[in-house]
Amino acid sequence: MKTNLFVAAHKPEWPVLPAGYTVIQVGAALHDHLPQAGAWDNEGENISQKNRNYCELTALWWIAHHAQDDILGLVHYRRFFSFAPCRNPFLDHYRMAASDPRLSVMLRTEDVPALLDDCDILLPRKQYFNEGIAGQYRKFHRGEDFDVMEQVFLAHHPKEREAFRRVMQGHQEYSYNMFVARRDVFCAYAEWLFDILDDVAERITVSKDPYQARVFGFLSERLMSVFVLTHHLRVRELPLVFVEDHPPASWLRKSIHAMLADVGVLPWLAK
């Protein structure tokens with residue numbers, strides 16, 4: 001089975017990648033062309049112009065409509081799946097410099113089919129939010145956007161009201177808009193997700209604040225857990241590698257900040 005893991009990037013700062021990874025430039029319709037990439041989200045039918053609001057989802061849309069590989073995945077130019085468990089039980093990720101030889105822990109595409117033998121989807125380890133999923137969104141984003149998303153979801157999927165509320169009143173979610181799955185599951189999620197988000201887009205006024213304008217990327221992070229639950233997917237959770245060109249002291253500060261943000265002591269940093 002052919003596996004292709006797409007790396008969403010908007011600038012040429014990704015590390016050396018193993019075989020089977022394809023860098024896809026996101027927002028290619030809005031920015032200078034990156035010739036180093038292997039795919040561009042403005043080729044053929046696309047939603048590249050929406051990147052400021054949809055973030056890496058413009059890559060997700062493009063992959064679902066154009067890629068023909070048996071197994072598809074979406075990761076970020078600074079966030080990758082790892083096959084090696086974190087030694088620190090309180091963290092769900094490593095932090096490494098792009099030049100660090102330990103990046104060999106990055107997930108290899110040849111290992112993916114075996115990982116999917118007894119599950120349907122590979123996802124990051126769940127994040128914990130002290131305020132609950134809905135509460136955390138309302139605290140750090142615009143509550144009215146969440147309300148519209150809930151209304152739209154229930155209008156589209158009225159029989160899944162309890163599942164939706166179970167996720168949103170819970171405290172854990174699959175974040176980052178990163179996942180790997182067989183093509184049928186990957187495309188089913190994309191179709192399900194954009195059916196909801198495109199309806200939301202017709203009912204809200206996007207914030208002029210550049211951070212809050214990334215509304216559909218934020219909403220989709222909350223919806224992945226709903227899709228997993230309502231489609232009864234078997235999940236294998238994997239730790240992540242965060243690639244950053246900062247000194248170790250900065251990584252430690254960020255890791256501590258992330259732990260405190262998880263439990264609601266500090267606000268989340270912009271991604």
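Mentor: The questions that follow concern helix packing and aromatic pairs in this predicted model.

Trainee: Against which helices do the buried residues of α5 pack?

Mentor: Helix α5 covers residues 143-156 and reaches 20 Å from its first C-alpha to its last, close to the 20 Å expected. Its buried residues include Phe146, Val148 and Phe153. The helices they pack against are α4, α6, α7 and α8.

Trainee: Is Asp145 buried or exposed, and with which side chain does the side chain of Asp145 make a polar contact?

Mentor: Asp145 is found in helix α5. Its relative accessible area is 2%, under the 20% cut-off, so Asp145 is buried. Asp145 touches Tyr137, Ile204, Val215 and Leu219, leaving aside residues up to four places away in sequence. The polar contact, at 3.0 Å, is with the side chain of Arg142.

Trainee: How are the rings of Tyr54 and Phe194 arranged as a pair?

Mentor: The count of aromatic pairs comes to 15. For Tyr54 and Phe194, the centres lie 6.3 Å apart and the planes meet at 20°, under the 30 degrees cut-off, so the pair is stacked.

Trainee: What type of aromatic pair do Phe153 and Trp192 form?

Mentor: Both Phe153 and Trp192 are buried. Their centres are 6.1 Å apart, with 70° between the planes, and the pair is edge-to-face.

Terms used. Residues numbered from 1 in each chain as written. Predicted model: local features only at pLDDT ≥ 70, side-chain atom pairs only at ≥ 80, totals over all residues. Heavy atoms only, no water. Helix = DSSP H or I, 4+ residues; strand = E, 2+ residues; numbered from the N terminus. Expected span 1.5 Å × (residues − 1). Buried < 20%, exposed > 50% of the residue type's maximum accessible area, 1.4 Å probe, protein only. Contact = heavy atoms within 4.5 Å. Polar contact = N/O pair within 3.5 Å; in protein donor to acceptor, adjacent residues only side chain to side chain. Phe/Tyr/Trp six-rings, centres within 6.5 Å; stacked < 30°, edge-to-face > 60°.
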